[in-house]
Amino acid sequence: ELGKRAPRWIRDNEVTMCMKCKEPFNALTRRRHHCRACGHVSAKPQLLQLVSRLGDGSKHLLDFWWLLVMVQVVAALWLKGEAAYSIESAEVSGNSVICSFLQYMEKSKPWQKAWCVIPKQEALVLYMYGAPQDVKALATIPLLGYAVDDTPRSADLPHSFKLTQSKSVHSFAADNEELKQKWLKVIHLAVKGETPECQNELQVN
């Protein structure tokens, strides 16, 4: 309700990408900017501001800026084909079977923290985001047909579990055993093509 109430200020650590263009932030061309009207975090066109300050002698820099714009437009058009990834985290988290932070590792890559969500509307798909307010998923895993291994990987990760299907291996680790069991309860159903009957009881804030 613009103009009627103060917007909810999205904190910097709640997003890893622009909530408008859905591209990751960086220090040069895509820096964080809070909208005073809606509170969302979006990319501020720093190069365009620099061009306006330099005046008429900045034609070369202006050409460079337009080149960057065209590259980003082409990238945005390509990303439109990735419809599954463009669902906003807040949208699915607010209507989910379960959602929480988990540590995630694919094959031999390093562990990383991910906001994981299984939506009610797609209870057989696991969405992974960089943060709870991100507007694009980093990855999706269709859970049907995966094998679940709840054996801890090591003493350092006592609350871990693994999903495997053919050559695909996805490892997860929860902060505690209770959270791990809540996730396993949902995943054990999803891999068999089933959905939980009491979905609200499984939500994790």
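**Legends to the close-up views**

**Figure 1. Strand 5 beside strand 6.** Strand 5 (residues 125-129) and strand 6 run antiparallel and are joined by four bridges. Y127 has T140 of strand 6 opposite it. Helices (H or I, at least four residues) and strands (E, at least two) are DSSP runs, numbered from the N terminus. Two strands count as paired if DSSP finds at least two bridges between them. The model is predicted, so to speak of local features a pLDDT of at least 70 is needed, side-chain atom pairs count only at pLDDT 80 or more, and totals for chains, interfaces and linings use all residues. Residues are numbered from 1 along each chain as its sequence is written, and side-chain values use heavy atoms, with hydrogens and water left out.

Figure 2. Strands of a sheet pair through backbone hydrogen bonds, either parallel or antiparallel.

**Figure 3. Strand 3 and its two partners.** Strand 3 is mostly covered, with eight of its eleven residues buried. Buried means under 20% relative accessible area, exposed means over 50%, and partly exposed lies in between (1.4 Å probe, protein chains only). Eight bridges connect strand 3 with strand 4, and the two run antiparallel. C99 has V117 as its bridge partner in strand 4. The two strands form a hairpin, with five residues between them. In the turn, K107 has a positive phi of about 55 degrees. Strand 3 also runs antiparallel to strand 9 (residues 168-173), joined to it by four bridges. Here Q103 stands opposite A173 of strand 9.

**Figure 4. Around C116.** C116 is part of strand 4. C116 is buried, at a relative accessible area of 0%. Beyond four places in sequence, C116 touches I98, C99, S100, L102, L126, Y127, M128, F172 and W183. A contact means heavy atoms within 4.5 Å. I98 lies 18 residues away along the chain, yet the C-alpha atoms of C116 and I98 are separated by 8.2 Å.

**Figure 5. S100 and W183.** S100 lies in strand 3. S100 counts as buried, with 4% relative accessibility. The side chains of S100 and W183 are joined by a polar contact of 2.9 Å. A polar contact is a pair of N or O atoms within 3.5 Å; within protein, one must be able to donate a hydrogen and the other to accept it, and residues adjacent in sequence count only if both atoms are side-chain atoms.

**Figure 6. The salt bridges.** The whole structure holds three salt bridges. The term requires a side-chain nitrogen of Lys or Arg within 4 Å of a carboxyl oxygen of Asp or Glu. The side chains of R11 and E14 meet in one of them (3.5 Å, N to O). E14 is buried, at 9% relative accessibility. K109 forms a salt bridge with E106, with the closest N and O atoms 4.0 Å apart. K109 is exposed, with a relative accessible area of 51%, whereas E106 is partly exposed at 28%. E178 and K182 also meet through their side chains (3.8 Å, N to O). These two are four residues apart in helix 4, so about one helical turn separates them. E178 is exposed, with a relative accessible area of 56%, and K182 is partly exposed at 25%.

**Figure 7. Confidence along the chain.** pLDDT is the predictor's confidence in each residue, from 0 to 100. The chain averages 77, and 70% of the residues score at least 70. Among the elements of the chain, helix 4 (residues 177-190) has the highest mean pLDDT, 95. Helix 1 (residues 46-54) has the lowest, 48. Over residues 46-51 the pLDDT stays under 50, and the model has 13 contacts beyond four places in sequence for them. Over residues 198-205 the pLDDT also stays under 50, with 17 such contacts in the model.
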